[in-house]
Amino acid sequence: MKLPFVISIPHCSGEIPESIRPTLALSPEAIEESVDWGTREVFGSLNAAAVLWARWSRLVVDLNRDPGRRDAKGVIATVDYSGRQVYHAGTAPDTTQIEERLMQYYRPYHLRLREALKDDRIKGLIDGHSLYGIGPAEAPDPGRRRKDIVLSNNGDRNGEPTPSLGTTTCSVEVLHKIRQVFVDAGFSVSLNDPYTAGFITAHYGRHLVEKGKFAVQIEINQDLFTEAGTINVVPERLAAAVHRIQNAFEELACRV
């Protein structure tokens with residue numbers, strides 16, 4: 001029996017189309033740093049009603065951004081998470097090229113996501129990400145060690161609504177049930193710290209809550225399956241993390 005969730009994995013790829021690659025000023029190693037390592041394996045392994053994953057790098061188009069956001073770290077970023085210029089001088093996409101990318105890479109993903117969420121059997125949306133074990137310089141928590149799991153519902157650190165962010169994407173009660181599932185599985189967990197939810201969770205979650213459903217962004221700490229201080233995945237540790245997450249989601253389906 002499939003889990004009653006839609007799983008979105010927007011940052012799992014490091015692939016760049018051949019037509020775009022020559023314009024990028026970033027090295028292959030820098031491009032890889034934009035990948036949420038482990039998310040395709042961890043969240044993509046779940047036996048959910050629907051699982052959507054990105055084919056292309058977020059540097060091509062960021063599926064977890066408002067399509068109207070056109071700043072340096074918007075839907076088509078010109079600066080990466082480490083503050084490096086993404087494009088060679090004079091090669092950043094213009095307005096027409098941005099619209100072409102949205103049409104080719106962005107809108108099809110969100111169309112599939114909207115269609116998947118129409119299923120009445122769906123209880124909630126999970127937007128799956130991973131993060132570095134220690135907050136990098138550009139993050140909200142530079143130098144701080146992070147929990148194993150970060151749950152976000154666009155609220156405060158208890159999951160309550162805050163005036164600056166607006167409505168939450170998941171009730172406090174459901175968020176704490178999800179938290180307890182992961183705690184019972186042996187994970188350390190934080191709520192809305194360091195991230196409070198991205199575009200996918202916030203955009204779709206508000207509508208889901210009106211229907212008595214939920215959306216939650218889940219970040220898994222890469223230290224669970226990588227060599228310390230690197231993005232080098234250790235297969236045995238990744239397999240163990242996948243197994244634990246799968247068991248947690250089986251339990252979650254019974255509690256929400």
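Let's start at the end of a helix. α5 is followed by Gly212, whose phi is positive, near 80°. One caution before we go on: this is a predicted model.

Now α5 itself. The helix covers residues 199-210, twelve residues in total. From first C-alpha to last it reaches 17 Å. That is close to the 16 Å expected at 1.5 Å a residue.

Which residues of α5 are buried? They are Phe199, Ile200, Thr201, Ala202, Tyr204, Gly205 and Leu208. Keep the general rule in mind: an α-helix has 3.6 residues a turn, so residues three or four places apart point the same way.

Let's take the helix pair. α3 and α5 pack at an angle of about 30°, and their axes are 12 Å apart. The cut-off for roughly parallel is under 35 degrees, so α3 is roughly parallel to α5. The crossing of α3 past α5 is right-handed.

Who makes the contact? From α3, we have Tyr106, Tyr109, His110, Leu113, Arg114 and Leu117. From α5, we have Phe199, Ile200, Tyr204 and Leu208. By type, that contact has eight nonpolar residues, one polar and one charged.

Last stop, Glu15. Glu15 sits in the loop between β1 and α1 (28-32). Its C-alpha is 9.4 Å from that of Val35, 20 residues away along the chain. Setting aside neighbours within four places in sequence, Glu15 touches Arg55, Trp56, Ser57 and Val60.

Notes: Residues are numbered from 1 along each chain as its sequence is written. This is a predicted model: local features need pLDDT of at least 70, side-chain atom pairs count only at pLDDT 80 or more; totals for chains, interfaces and linings use all residues. Side-chain values use heavy atoms; hydrogens and water are left out. Helices (H or I, at least four residues) and strands (E, at least two) are DSSP runs, numbered from the N terminus. The expected span of a helix is 1.5 Å times one less than its number of residues. Buried means under 20% relative accessible area, exposed over 50%, partly exposed in between (1.4 Å probe, protein chains only). Axes are lines fitted to C-alpha atoms, for helices over the stretch in contact, and angles run from 0 to 180 degrees between N-to-C directions. Angles under 35 degrees count as roughly parallel, over 145 as roughly antiparallel, 65 to 115 as roughly perpendicular and the rest as oblique. A crossing is left-handed if the near helix is turned anticlockwise from the far one by less than a right angle, and right-handed if clockwise. Contact means heavy atoms within 4.5 Å. Ala, Val, Leu, Ile, Met, Phe, Trp, Tyr, Cys and Pro count as nonpolar, Asp, Glu, Lys and Arg as charged, and the others, Gly among them, as polar.
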